[in-house]
Amino acid sequence: MSARDTILARVRDAALARPEAATNREAQVAERMTVGPKGIIPHQGQATGPQKLRQFLEKLEANDTTVTRVSSEDEIAHAVARELRKRNLPAAIRMGEDPMFHAQDWGSLDVSRGPGRLEEPVTLSRAQFAIAETGTLVLTSGPDNPVTLTFLGETHFVVLRTEDLRSGFEDMWGDFRKRGLDPRTVNMVSGPSRSADIGQVLQLGAHGPVALHLFMVG
Amino acid sequence: MSGHVPTSSAFKSNSQEALVNRNLQAALRGSRGNFIAKRAAARANVPEFDDIRDQARDMKNHVLANLDLYLEAYEKKVTEAGGHVHWAETAEDARRIVLDICRKSNAKTVNKGKTMISEECGINDHLAENGIKPVETDLGEYIIQLRGEIPSHIIAPAVHVTVPEIEEAFRKHHAHLPPDRDLSELASLQAEARSELRAKYFEAEVGITGANMLIAETGQSVIVTNEGNGDLSQSLPKVHIVMASLEKIVPTLEDSATLLRLLARSATGQEMSVYTTFSSGPKRSEDPDGPEEYHVVLLDNGRSNMIGTEFEEMLRCIRCGACMNHCPVYQSVGGHAYGWVYPGPMGAVLTPSLIGVEEGGQLPNASTFCGRCEAVCPMRIPLPKMMRSWREREFEKNLTPSATRYGLGVWAWAAQRPWAYRLAARIANRSLGITGKSKFSKLPLAGGWTKFRDFPAPQGGTFMDQWKAGKR
Amino acid sequence: MSAPRVALLVTCLVDMFRPSVGFATVKLLEDAGCTVEVPQRQTCCGQPAWNSGDREHAKALAAQVIEEFEGFDYVVAPSGSCAATVVKDYTEMFKGDEAMVTRAKALAAKTHEITSFLTDVLGINDVKQALTTSVTYHDSCSGLRSLGVSEQPRKLLGSVEGLELREMVENDVCCGFGGTFCVKFPDVSNSMVSDKTRNIADTGADMVLAGDLGCLMNMAGKASREGRNFKARHVVEILAGDTKTPAIGEDK
């Protein structure tokens, strides 16, 4: 017998030996995976309207994400250039093929496209969603937004459409499925990287970005 | 049995050494209370926290009762996404599978995200013995790898290492850097580790990570980290190996949210760890980055035998470390005294399950049953109850020390006979009382007590005798 | 309403080492209007056997306690630990024996730790005592986490005129006693009790109080060895106004 069959047989025997084992386990499990019980959504994952936005901004601040708000997509390139100058960073940025970025007039900014490289002072990604419950950005990998940009940039810039902000995990996953997304990786990001492994003192900038800055559109 | 030679049966002497190890005690004192205060604050901010714990417990119980079906569903999804699932019955099987994959990839260097399953299987030593260099990329794991140690904590592997010891390790192992460089700041140590490891991410042919969860609905593996090392380890090499144990399965994405709401708050007191990454399969044809191969090594190593036993509930564990953070025994002796991969209360239950009660049996005895672990466990695992179950198994197997067994027998005989019990209490009471002392600094048969404390003398006369004599 | 008949579960340690705790408990119960009886065939609740994995002996002793105590209105112990064994463990011990589980459950429902019985069951908030002193209170583990004893002793202590309660840091952390743990792992236990006596001393309080004699003997024994100058007493001694009896390990 293969290891697979041995293990599965052992687990199955234990399952069937339970006095409460259902006769239609297969159907129950299949249903559980499609429907699932509606679980507890904490209050902080149910904020709506202005409170949702307010809470999101508070949570971002708490996890050390900084924010610039712009009123329309046309302003992204400008805001990015301004933020680079403000941070004394080189006028160069690495990004993917996201149509939102292609539509920008980057002016004199040195824009390169593709996955992350060994040295990446600044990278730019677009978040598919964000979650107000915890101040979390949700990115999806692919040519539009290569996953390595999220981790190799010393400073990581992220653009989010404010309309893509969701209250909690549940409504985010619901809409995620509705959009038919099936990326190789879904990256939830809640602040710049950090570690407390040295002397149990928290320091930002472990292996990933030292700084995370969000541009909220609309 | 697996890579690390366990010293769990030497817990007593291990702990004695730990208690006189000044660096260790300094590190333990330095971290004491940090995790506790942060968890308490995070928990207080979520009024629904205890209800979420109940929901998580029920969800995981449901998974364990149907684990065969969920594993099959998960495997199907991984395969559909172009990944490979490898089933490993033992640690040895897992070592062989991982080495085979690395060899097929002509790997010279393997990057590691933090994975306790890899520690359990002794992957690093096995790769090194076979000419492949494992590089731990989690900062804490990197530090202890340089020092030739195993983790002393499941989420803060280097919690036992002081800052000067880290500097010493860096100076010794980063010998190519200028010896006169300034490492006096914590930030300079972290920056040096960052730049040393950055290049290594691009060199490795294989990246190994663990998994905090496996999602049956989607076939995704989930890792939760703060540093970003796990993501770099799994995104840059051409092969990604996920090492996970069977019980990591959750049914759906929504179920993962339930656990995420508990995990970071219980572990570090964060609402969310910085990075939570859901991965499925190798890179898609259009993807500019990501691994070309995606393998999952599903490890059993004794777990399937726990299902249906009094130790099944241990399989709900999500490895947050709250139990050890709150354990006064762990706080006193640190993780290495436990002698194997998993320390603290969860280790005291899991270790005998995985390496045998003969080797790990001291651990469930090294508890005062204070109950703090169970009180904070996000998955409501009755840890003291299970430690007690191990004591019962040991008693049944005659592994309880003979003096203890004999003493218990004599005491229980008397306690079932009130006259004999009264007599014994009277004799003991008088013989201690007769000296007129208020306390003893030495007592026969009580060396364990009087080595460190005085023994308060009885007041004189038992309560039962005095009550019977009419005293009120 | 007629006076409730309360059976005193004396506990082994109180019986042998500190009968005054038993008498203080009786006084508190009688002052509260209870009729107190002391079942004569009681010995031990069985916890040492249970926690050592010796289920058969634990069950034998539990059966003895059930037999001896089930006829009373209430069972009260000056120990959170022994009370918790009756309340939480007996049903577990007899798992599979429905008749015994039923009796164990019935007994569990009427068994209480003394401060919890006074406040939660009898609704007493004032013990009408006066004592000018400062105390710190150690939360013994079983009472705290198995029975939820935390506010009750503090509420009663708060009613003692002139008494100042100074909380120590980590007041809910185990003192390292743990029954046989302290002799099986003396070095670890010593580390834990040393932390405890330091935390007690740091409050500057005159004495440490707790609800379990095992913890108290451990803390008092360590303090004595270290030459600390705080005293150790069972909380009922203060609540019953018994300060004439020498403190634990104190010269007569």
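Contact here means heavy atoms within 4.5 Å.

**View 1. How the three chains touch in the predicted model.** This is a predicted model, in which local features need pLDDT of at least 70 and side-chain atom pairs count only at pLDDT 80 or more, while totals for chains, interfaces and linings use all residues. Residues are numbered from 1 along each chain as its sequence is written, chains are lettered from A in the order in which they are written, and side-chain values use heavy atoms, with hydrogens and water left out. No contact joins chain A and chain C, whose closest C-alpha atoms lie 14 Å apart. Of the two pairs of chains that touch, chains A and B have the most contacts.

**View 2. The six-stranded sheet of chain A.** The strands (DSSP runs of E, at least two residues, numbered from the N terminus, as are helices, runs of H or I of at least four residues) form an open sheet in the order β1-β12-β7-β4-β2-β3, with parallel pairing; two strands pair if DSSP finds at least two bridges between them. Because β1 (65-70) and β3 (110-113) of chain A stand at the edges with a single partner strand each, one side of each is left without a neighbour in the sheet. From one strand to the next the twist averages 25°, with axes fitted as lines to C-alpha atoms, for helices over the stretch in contact, and angles running from 0 to 180 degrees between N-to-C directions.

**View 3. Strand β1 of chain A and the helix beside it.** β1(A) pairs with strand β12 (residues 211-217) of chain A in the parallel sense over six bridges, and A:V67 has A:L214 in β12(A) as its bridge partner. Helix α3 (residues 49-62) of chain A packs on the sheet, where it touches β1, β7 (153-161) and β12 of chain A, and its direction makes about 140° with that of β1(A).

**View 4. The interface of chains C and B.** The contact takes 72 residues from chain C and 64 residues from chain B. Between them the two chains bury about 6,000 Å², 59% of it on carbon and sulfur atoms, where buried area is the accessible area (1.4 Å probe) lost on putting two parts together, summed over both. In chain C, the residues C:M16, C:F23 and C:R225 lose the most area to chain B, together 11% of what that side buries.

**View 5. A salt bridge between chains C and B.** The side chains of C:D187 and B:K451 meet in a salt bridge (3.4 Å, N to O), a term that requires a side-chain nitrogen of Lys or Arg within 4 Å of a carboxyl oxygen of Asp or Glu. Seven salt bridges are counted between chain C and chain B.
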